[in-house]
Amino acid sequence: TLGRVLFFDTALSVNDTTSCATCHQQSLAFDDDERLSTGFDGGLTGAHAMRLGNMRYFEGGAMFWDRRADSPEDQALQPVLDATEMGWSENGGIPALITKMEGLEYYPALFEFIFGDAAITQDRMERALAHFQRAMISSDSRWDQSYAQVFGPGAPNRALDEALPNFTASENQGRDLFMTNPGGGGAGCARCHRPPTFALDENSRSNGLDAGETVIFKSPSLKGVAVSQFFMHDGRFTTLRQVVDHYADGIQNGPALDNRLREGNQPMRLDLSEEEREALGDFME
């Protein structure tokens, strides 16, 4: 509850204009509808806001596109401090924010209700925000419903190669391509985006957006991906079809490229037809 209040409260910015939810909108799986987000004073962020829905399923725990935060707790207040996003790094830091919160009627009451006393601390804020973010779960999509019907508790291997009920022929074709490795005629997406949560395998490396890439980027869970309007850390793609085309024949070589996206020493190339590319998009939707 406290984390939810903190997440949606514009009072956490220096000038009461920006909250976490300003850039991570619930209707978009906690993503932004702009390629770059606008901060408290009108400046633009250096990356697209990552979808936070289902972030709890990333087993590696690291946060941000470049994984610079070790955990959701470590990540929680970095946007609050950021000079562009919410502005406290140049306006007194966390102590100044706490002083502001102490002057708001509801925060001392909330902290006392939850922790037994009214002390507002950085650790308590980080814990509350992280707990709320771990509660951002989507679990009733058609994928979830169909998967549960066929592969309920106790299934030996989740049988991901079987068709799902309530899916169109194209969606099931896309599911098969997603789950099947390239050597078997598929696209092999599930090797990194692990079903049933579609969270990124924690050992994954980068996906070859740019030649010579050295930063190992993270991806959010693909659940809810269809409501996003921008994709990749810089928001360069605006459709799922562009994403599919990148993985089919646009991967660039570099030292950070994941070995699952290589064929020998070269980037992987997939011989996908127009129908198959559309089917992959249909499945992800």
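How many nonpolar, polar and charged residues does the lining of the largest cavity have?

Modeller: The model is a predicted one. By class, 27 residues of that lining are nonpolar, 8 are polar and 6 are charged. In total, 41 residues line the largest cavity, and its volume is about 600 Å³. His193, Asn207, Ser219, Met232 and Tyr247 are the lining residues that lie nearest its centre. Two elements, α10 (240-249) and α11 (274-284), each give two or more residues to this lining. Of the elements, α10 gives the most, with 5 residues.

The count of cavities of 30 Å³ or more comes to 2. The second largest cavity holds about 60 Å³ of space. Its lining includes Met50, Arg51 and Leu52, as well as Ala199, Leu200 and Lys218. Ser219 is also one of the residues that line the second largest cavity, and Ser219 was named above among those nearest the centre of the largest cavity. By class, the lining of the second largest cavity has 7 nonpolar, 3 polar and 2 charged residues.

The loop between β1 (193-194) and β2 (199-200) contains Pro196. The peptide bond from Pro195 to Pro196 is cis, with omega near 10°. Phe198 lies in the loop between β1 and β2 as well. Phe198 is not a glycine, yet its phi is positive, near 60°. Phe198 counts as buried, because its relative accessibility is 6% and the cut-off for buried is under 20%.

Terms used. Residues are numbered from 1 along each chain as its sequence is written. This is a predicted model: local features need pLDDT of at least 70, side-chain atom pairs count only at pLDDT 80 or more; totals for chains, interfaces and linings use all residues. Side-chain values use heavy atoms; hydrogens and water are left out. On a 1 Å grid over the protein atoms alone, a cavity is a set of points where a 1.4 Å probe fits but cannot get out, and a pocket is an open set with protein on both sides within 12 Å along at least five of seven lines; lining residues have an atom within 4 Å of a point. Grid points are joined across faces, edges and corners, and a volume is the space filled by probe spheres set on the points. Helices (H or I, at least four residues) and strands (E, at least two) are DSSP runs, numbered from the N terminus. Ala, Val, Leu, Ile, Met, Phe, Trp, Tyr, Cys and Pro count as nonpolar, Asp, Glu, Lys and Arg as charged, and the others, Gly among them, as polar. Buried means under 20% relative accessible area, exposed over 50%, partly exposed in between (1.4 Å probe, protein chains only).
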